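Me: I'm new to this one. Can you walk me through it?
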Amino acid sequence: MNRLTARHPQWWVAVAVAVAWLVLLAGLLAGGHHHAPRYRASTVDDMGGWMLMAFAMTVPLTLPAVRYVARNSIRSRRQRAMVLYLAAYLGVWAAFGIVALTIVWLAGEPLHKVLVIGLLIVAAGWQLTRTKRRALLACRRTVPLPPEGRRADVACLRFGVRQGWRCVVSCWPLMLLMAVVTNVLWMVALAIVMYAEERTTTGRRLVRPMAAVLAAIGTAAALLA
Amino acid sequence: MLRSQLFANDALLQSIADDNDRISRTRHSRGDSVRKVQTALLTWDPGALPRFGADAVYGNETAAAVRRFKIEELSVAPAQAIDDVGPRTVIRLDEIQAAAEAPPPPPPPTPTLFVRRDVWTLQSAAPWDPITIAYARAVRTMQARPMSDPTSWAFQAAIHASFVTPANPAWNGCQHASWFFLPWHRMYLFFFEKIVRAAVLADGGPSDFALPYWNYDQATPRNTLPQPFREPTLPDGTPNPLMLPAGGRSAGIQAGGQLRTADTDSSNAMASTIFTGPGGTTFGGGVSAPAHFDGESGMLELQPHNIIHVVVGGPRPAGATNCNVGLMTDPRCAALDPIFWLHHANIDRLWNRWLDSGGGRANPADSAWLTQQFGFFDETGTAVRLAGSDILDSATQLNYVYDDRPTPVAPPPRVTPVAPPPELGAATDQVIDVTRRVTARLVVPDSTRSLIERLSSRAVGAFLAIENIEAERNPGVVFDILLNERRVGTFSLFGIELMNDPDHVHDGAPGLRHTFDAAEVIASLVSMNRWDPDALDVTVEPVPPVPPPGEEPVAIEDLDLPPVRIGRIALFVAEAGPDLVA
């Protein structure tokens, strides 16, 4: 166990992600009747739900970076460094959440269906852009981490903001979609897509085919609406 | 004596050959001998007897064919050509028939195993050897082919990387900074060698042609550019394609300057006993995965591979997007330099020697490595693919060996601390800009001070990592790293252009990281009483290009190097735990 935690100092973050998914899935079981996409009614009360979802969906993408931060910090600073990194990373997602939920609120319920279809098409198009591709390739960019003091803290925060922003650029249409649709099954499906793209070699090859899948779902949703 | 099986032992034909008889429309005009003459005429010209063929009758058609034979084959003047069969006709028909009956000449024997030889051993007696001449001529042949031809020089080089746009999908495939470095380059060389060999054979060159290798890690003159790459002309006086126009290589190297032992030495890589793994001190490199922060070059890739690339190529002009200067320094030009292939043959050889050394040294057994396929082109220009599992043994799977097989002496396996993972003990806390020699002090936090102090005992592993190395372009010089004035290692920025390119899929993040085993240096500092945890100074020193023989190196200040930024220099400590493995 000691050896495992030494090799994977980010283990507790992974556990926290698992707990977040359990909470989300428990919600699915409790409200099992929500099989069809449900649309959000309000925004500000949903910030807590948004952060839970953002944690469950986007932290797995950055676990290698959390491990990098831990292993490149002195032992006594490891936990602090990981927390600072994650705080900055999630801070970017929180800011994005505020923008996303505000857009959804401003659009109003009648437009939500249009928003979902539109976002699926936009997500499909986004998969094909150079910006998306660059954001994926930039995943391995790191920030030098000084050994101690304020400089070390700032570097962890800076690394978190950078990775968070890079991740937003890569996945924003899918996460904006999740601000409209709160169905847990959608959440699981999109989380798998995002994880594969960001962290697996096979997933990287599926970035373009995924555009076709998203476009097909968008078109089907438009025809059924 | 008539030699062909058809004419031999025919008394009449022998008699005619001896000028004692003849065949004509009136004499011996039917029979087996006539059929034999007709058969031989058909061998000479399959259309000679269009109506009756070999019917054993000496009629008008045969007589006309014999007359034509005399005119065309025996150069008899038409006025003197009589349509009967005399001695010259029989003898010449016999020769033609015998040649046709002879079995086709056997193809030149193909050796069962090709041997790649040390280029300096080939040229020990004279600057040129049949193998190097054949290579030079094949390079010229390939250079004459259009770039659209996969067997052309330009196409083959572009498979590695290229400036040329629009890029063919088969180009820009080189694998660096990961565990695919060695297998990809082995496949690349294997098919390139097949293309060169086909050109050599077509040119009548040695049938046992195999790529020579340049083992620069030897005494002078072997640590200088091989002579065939410095000669302006081939022995026949034609221009030598192995010598690049001025500027193509570092001027000092081109003039025969000596490589430093510090740059050619492969002993650190050979001492490592693990092919892949985390930590940056493996032989073959880190696992390639999209979100891999530890994805690092193997030690053999870093040195001598990367360093020789840069030292041989030398500095390139700022903003250069062509391959006129410093070819070996930029992966997009490197394979255009004919020495590239001899350099890589040497790296490939070292991989074999490493495996021979035992001590647990082995290729990865991971299926992600074994099943990873890469695409190339064979000597017919046909697309081909190989997987890692196809190239594990060069002798049995790819039909070649190196002339230094078997290995001389196995270096002792080093004790590699694999668990627990190395811990950060000290690091610089500000970025370092390197345009000339620069020294930075490592900050030792209070909480790791005892860890650093324990480094004075040999049971503790120490690794010095140069991290987040960034530059807009490769300065074309290498950098020595010193800890308290003792050399720990040398690094280069080979490949940084590809890693900087936001659109290029490449292992190795923008922000290179090189890790050096510092245990030996720390031990020597301790023994000299120069080990002081309060004064750990790391020096980064650009090494000027190799000067031509007899000249002084240029001052680094005069080179106007592009700035190189080092994000952090860190000292990691691996304490011998209970699960330390040998």
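What follows is a short chat about parts of this structure.

Me: What kind of model is this?
Reply: This is a predicted model.

Me: Let's start with the chains. How many residues does the contact take from chain B and from chain A?
Reply: The contact takes 29 residues from chain B. Chain A gives 32 residues.

Me: Which strands of chain B each supply at least two residues to that side?
Reply: They are β5 (423–427), β8 (460–471) and β13 (564–575) of chain B. The largest share comes from β5(B), with 4 residues.

Me: How do the residues on that side of chain B divide by type?
Reply: There are 17 nonpolar residues on the side of chain B that touches chain A. Another 6 are polar and 6 are charged.

Me: Over to chain A. At what angle do α5 and α7 of chain A pack?
Reply: Helix α5 (residues 112–127) and helix α7 (residues 149–180) of chain A pack at an angle of about 165°. Their axes are 9 Å apart.

Me: Why is that pair called roughly antiparallel?
Reply: Angles over 145 degrees count as roughly antiparallel. The angle of about 165° therefore makes α5(A) roughly antiparallel to α7(A).

Me: Is the crossing left-handed or right-handed?
Reply: α5(A) passes α7(A) in a left-handed crossing.

Me: Which residues make that contact?
Reply: From α5(A), they include Leu115(A), Leu119(A), Ala123(A) and Trp126(A). From α7(A), they are Pro173(A), Leu174(A), Leu176(A), Leu177(A) and Val180(A). By type, the contact of α5(A) with α7(A) has 12 nonpolar residues, 1 polar and no charged.

Me: Now the sheets. In what order do the 4 strands of the open sheet in chain B come?
Reply: The order is β7-β12-β9-β10 in chain B. The pairing is antiparallel.

Me: Which are the edge strands?
Reply: β7 (438–441) and β10 (486–491) of chain B are the edge strands. Each pairs on one side only. The twist averages 25° from one strand to the next.

Me: How many bridges pair β7(B) with β12?
Reply: β7(B) and strand β12 (residues 537–543) of chain B pair over 4 bridges, in the antiparallel sense. In one of the pairings with β12(B), Val438(B) has Val540(B) as its bridge partner.

Me: What about β11 in chain B: buried or exposed?
Reply: In strand β11 (residues 512–517) of chain B, 6 of the 6 residues are buried, so the strand is largely enclosed by the rest of the structure.

Me: Which residues of β11(B) point which way?
Reply: Leu512(B), His514(B) and Phe516(B) point one way. Arg513(B), Thr515(B) and Asp517(B) point the other way. In a regular strand the side chains alternate between the two faces of the sheet.

Me: How many bridges join β8(B) to β11(B)?
Reply: There are 5 bridges between β8(B) and β11(B), and the two run antiparallel. Ala465(B) has Thr515(B) of β11(B) as its bridge partner.

Me: New topic: the backbone. Which peptide bonds are cis?
Reply: One of them runs from Thr220(B) to Pro221(B), with omega near 10°. Pro221(B) sits in the loop between α8 (181–202) and α9 (251–254) of chain B. Another goes from Gln303(B) to Pro304(B), also with omega near 10°. Pro304(B) lies in helix α12 (residues 299–313) of chain B.

Me: What is in contact with Asp265(B), leaving aside its neighbours within four places in sequence?
Reply: Asp217(B) and Pro304(B) are. Asp265(B) and Pro304(B) are 39 residues apart in sequence, yet 6.3 Å apart in space, C-alpha to C-alpha.

Me: Where is Asp265(B)?
Reply: Asp265(B) is in the loop between α10 (261–264) and α11 (267–271) of chain B. Asp265(B) counts as partly exposed because 18 C-beta neighbours lie inside 10 Å.

Me: Which residues other than glycine have a positive phi?
Reply: Ala177(B) is one of them, with phi near 60°. Ala177(B) is in the loop between α7 (153–160) and α8 of chain B. Asn399(B) is another, with phi near 70°. Asn399(B) is in the loop between α15 (394–397) and β4 (400–402) of chain B.

Me: Are those two buried or partly exposed?
Reply: Ala177(B) is buried, because it has 26 other C-beta atoms within 10 Å. Asn399(B) has 15 such atoms, so it is partly exposed.

Technical notes
Residues numbered from 1 in each chain as written. Chains lettered and ligands numbered in written order. Predicted model: local features only at pLDDT ≥ 70, side-chain atom pairs only at ≥ 80, totals over all residues. Buried ≥ 20, exposed ≤ 12 C-beta atoms within 10 Å, placed from the backbone. Contact = placed C-beta atoms within 7 Å. Nonpolar A, V, L, I, M, F, W, Y, C, P; charged D, E, K, R; others polar. Axes fitted to C-alpha atoms, helices over the stretch in contact; angles between N-to-C directions. Parallel < 35°, antiparallel > 145°, perpendicular 65-115°, else oblique. Left-handed = near helix turned anticlockwise from the far one by under 90°. Pairing = 2+ DSSP bridges.
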